[in-house]
Amino acid sequence: MTTSDTPAGTGERTGEDTDRSTRAAILAVHRLTARHRRAIVLATTLALVASALGLAQPLLARRVVDASSGQQSLWPPLLLLAALFAAEAATGSAGRFLLERMGEGVVRQVRHTLVGRLLRLEMREYDRQRRGDLIARVTADTALLREVVAQALVDLVTGTMVAVGALGLMAWLDPLLLVLVTATVATAAAVVSLLLRGIRTASEHLQSSVGALAADLERALGALAMVRVYRAERREAARIGARVDEACAAGVRAAKYAAVMSSAVELAVQGSFLLVLVVGGLRAHGHGRSVGDLVAFLLYASYLVVPLSSVFRAVGLIQRGMGAHLRIEQTLDLPVEPTGPADPPAPRARMHVPALALEDVHFAYRPGRPVLRGVSFTVPQRRQVALVGLSGAGKSTVFALIARFYEPDAGRLRFHGRPAAELGRAASRAGLAIVDQSSHVVRGTLHDNIVYGCPHATEDEVRRALTLARLDQVAERLPGGLHGTVGEHGATLSGGERQRVALARALLTRPTLLLLDEPTSHLDALNEAALTAALKDIARECAVLVIAHRLSTVQHADRIVVLDEGRVTACGPHEELLTTSPVYRRLAAAQTVRPADASMRNGCIRD
């Protein structure tokens with residue numbers, strides 16, 4: 001895996017041997033189940049009652065065997081034995097159901113926590129992490145964790161207590177046979193203890209491989225059109241197949257350790273049973289031991305198999321689950337945006353105070369590689385300001401800072417005169433709407449996508465946003481109209497239509513500041529002219545900051561800010577900048593030679 005695939009802090013958590021111990025793993029599971037202690041206590045009690053009922057059965061079987069050699073009636077002990085069987089089955093089933101329900105509750109709790117955390121991560125973390133791997137932590141890792149909390153912990157407790165009870169009764173029946181059984185079980189326990197670290201390491205590798213597989217698959221499916229056009233199906237299949245092979249190899253390693261552990265347990269069980277059968281038979285024949293004692297001891301030896309197997313299996317399962325738990329903990333340790341009120345009020349507009357002001361803003365995604373170098377400009381209320389510059393000048397970064405996805409390294413932003421740091425991120429965004437180049441459209445209906453930022457909008461408000469964004473015809477064309485589905489990522493819409501959906505969504509919120517990043521990049525000439533006219537109407541209601549390369553989009557702006565290599569080099573209206581700004585003059589000159597080529601392209605390419 002590359003560095004970006006591995007969350008920060010992994011080395012700190014996996015380097016300590018004590019963190020790999022079974023005791024540390026059990027304590028981690030104990031913390032996970034903190035909110036479910038009553039269910040665990042009740043389930044454990046039911047399991048212990050079922051086990052006690054099971055432990056009483058060999059003593060009754062002993063009475064039946066001894067009674068069969070005399071003249072005593074067999075029906076009372078047989079009826080009691082049947083009652084014990086039924087009671088054991090009922091209490092065991094109830095306890096198992098409680099455990100399964102508790103396991104689902106723990107997974108639900110962890111998934112809610114993870115989802116809430118992932119939705120609030122700092123944007124820098126999304127630049128570092130692979131999103132498919134983060135999704136796998138919510139799905140695959142929590143599913144493995146469910147097995148641990150629903151089975152392993154209680155099996156460990158009840159299995160140990162039942163084993164102690166069985167061993168006590170076996171010691172009462174025949175101490176010598178118990179010594180032989182203990183020796184074989186201790187040998188198996190020693191083998192299992194040597195395998196635990198390997199099991200956990202293999203499980204961590206397996207979960208990481210599954211996460212990398214999900215990330216690579218999400219990468220390919222997210223760019224499927226590109227994969228098809230460049231005939232890269234085989235390359236992507238090979239790349240993802242390599243991840244599949246890594247996951248398979250990690251799974252085989254884990255299976256190897258599990259197989260050795262299972263064999264050790266089975267051999268110990270079979271060996272102890274044979275020893276009891278041979279030695280116990282000889283003792284019953286020649287040393288005055290009754291056949292009933294031997295039958296009871298054999299039953300306890302066979303009963304010991306289940307709790308001991310459950311203990312060994314629980315320890316192995318806990319170690320495997322800790323690989324998943326480690327990845328979940330790493331996710332919960334990732335930094336998130338500061339929390340604030342769920343629905344804070346937007347900063348109030350004040351007369352003669354700009355809707356937005358940037359004051360000597362500096363920013364770099366990586367140390368030593370600045371993107372913005374002292375950017376300063378304002379966006380007045382109810383005015384349209386255009387931000388232009390060559391590709392890579394820092395325009396989209398300015399938008400990311402205004403949306404508070406990142407914080408400036410120096411300088412500050414003001415919203416309606418108030419410093420952004422005082423407002424908090426949620427309040428800064430409350431009066432903000434953005435239409436970026438991605439034009440996000442989610443699976444659902446056209447109506448769902450438009451009202452995403454304003455779920456309680458009225459039908460008239462939605463229709464108004466449709467009209468402003470020139471989406472009326474799109475709504476009429478879709479099967480189902482406004483409530484017609486748009487497919488995954490808006491697959492049934494063209495690029496221009498997706499852009500207009502994003503614009504309608506932004507307008508519906510009635511923002512005080514509207515950010516538009518290349519709003520006409522996917523529009524034909526007719527729709528571009530219509531949107532340019534609509535922007536004039538929109539600018540009468542709120543401040544508009546637009547990034548655009550097309551001269552026709554920016555020349556009617558009230559003010560144009562020219563950005564070059566992270567610095568503001570000029571600011572003014574279109575006609576003034578043509579004479580005062582060399583950068584803007586070059587951009588405008590490049591536009592004047594494009595119309596013939598653009599018209600030719602428009603004849604071949606549909607919006």
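Q: Why is Phe-363 called buried?
A: In this predicted model, its relative accessible area is 1%. The cut-off for buried is under 20%. Phe-363 is therefore buried.

Q: What makes Tyr-365 count as partly exposed?
A: Its relative accessibility is 34%. Buried needs under 20% and exposed needs over 50%. Tyr-365 lies in between, so it counts as partly exposed.

Q: Which class does Tyr-406 fall into, buried or exposed?
A: Buried. Its relative accessibility is 11%, and the limit is under 20%.

Q: How many aromatic pairs does a search of the whole structure find?
A: Three.

Q: Why is the pair of Phe-363 and Tyr-365 called edge-to-face?
A: Two values decide. The ring centres are 4.9 Å apart, and a pair needs centres within 6.5 Å. The planes stand at 85 degrees, and edge-to-face needs over 60. Both conditions hold, so the pair is edge-to-face.

Q: What makes Tyr-365 and Tyr-406 an edge-to-face pair?
A: Their ring centres lie 5.4 Å apart, within the 6.5 Å limit. Their planes make 90 degrees, over the 60 that edge-to-face requires.

Q: Why is this pair said to link distant parts of the chain?
A: Tyr-365 sits in strand β1, while Tyr-406 sits in the loop between α11 and β4. They are 41 residues apart.

Q: Which residues form one aromatic cluster?
A: Phe-363, Tyr-365 and Tyr-406.

Q: What is the order of strands in the open sheet of four strands?
A: The order is β2-β1-β4-β5, with antiparallel pairing.

Q: Why are β2 and β5 called edge strands?
A: Each of them, β2 (369-379) and β5 (418-419), pairs on one side only.

Q: How do you know that β1 and β2 pair?
A: Eight bridges join strand β1 (residues 356-366) and β2 in the antiparallel sense. Pairing takes at least two bridges. His-362 stands opposite Arg-373 in β2. Ala-357 has Thr-378 of β2 as its bridge partner.

Q: What lies between the two strands of the β1 and β2 hairpin?
A: Two residues. Gly-368 in the turn has a positive phi of about 85 degrees.

Q: What order do the strands of the six-stranded open sheet take?
A: They run β6-β7-β8-β3-β9-β10, with mixed pairing. At the edges are β6 (432-435) and β10 (567-572), each pairing on one side only. On average, neighbouring strands are turned by 15 degrees against each other, direction ignored.

Q: How do you know that β7 and β8 pair?
A: Five bridges connect β7 (residues 513-517) and β8 (residues 543-547), in the parallel sense. The threshold is at least two. Leu-514 has Val-544 in β8 as its bridge partner.

Q: Which strands of this sheet does helix α17 touch?
A: Helix α17 (residues 495-508) packs on the sheet and touches β6 and β7. The direction of α17 makes about 175 degrees with that of β6.

Q: Which residues of α15 are buried?
A: In α15 (residues 459-468) they are Val-462, Ala-465, Leu-466 and Leu-468.

Q: What covers the buried residues of α15?
A: The cover includes α14 (446-450), α16 (472-477), α17 and α18 (525-539).

Q: Which residues touch the most other members of the largest nonpolar core?
A: The core has 49 residues. Leu-446, Ile-450, Val-462, Leu-471, Leu-514, Leu-516 and Tyr-584 touch the most other members. Helix α17 gives the largest share, seven residues.

Q: Which residues are in a second, separate core?
A: That core has 33 residues, including Ala-355, Phe-363, Leu-387 and Ala-543.

Q: What is Leu-514 in contact with, leaving aside its neighbours within four places in sequence?
A: Its contacts include Ala-433, Ala-506, Leu-507 and Ile-538. Cys-542, Ala-543, Val-544 and Leu-545 are also among them.

Terms used: Residues numbered from 1 in each chain as written. Predicted model: local features only at pLDDT ≥ 70, side-chain atom pairs only at ≥ 80, totals over all residues. Heavy atoms only, no water. Axes fitted to C-alpha atoms, helices over the stretch in contact; angles between N-to-C directions. Contact = heavy atoms within 4.5 Å. Buried < 20%, exposed > 50% of the residue type's maximum accessible area, 1.4 Å probe, protein only. Phe/Tyr/Trp six-rings, centres within 6.5 Å; stacked < 30°, edge-to-face > 60°. Core = buried A, V, L, I, M, F, W, Y, C linked by side-chain atoms within 4.5 Å.
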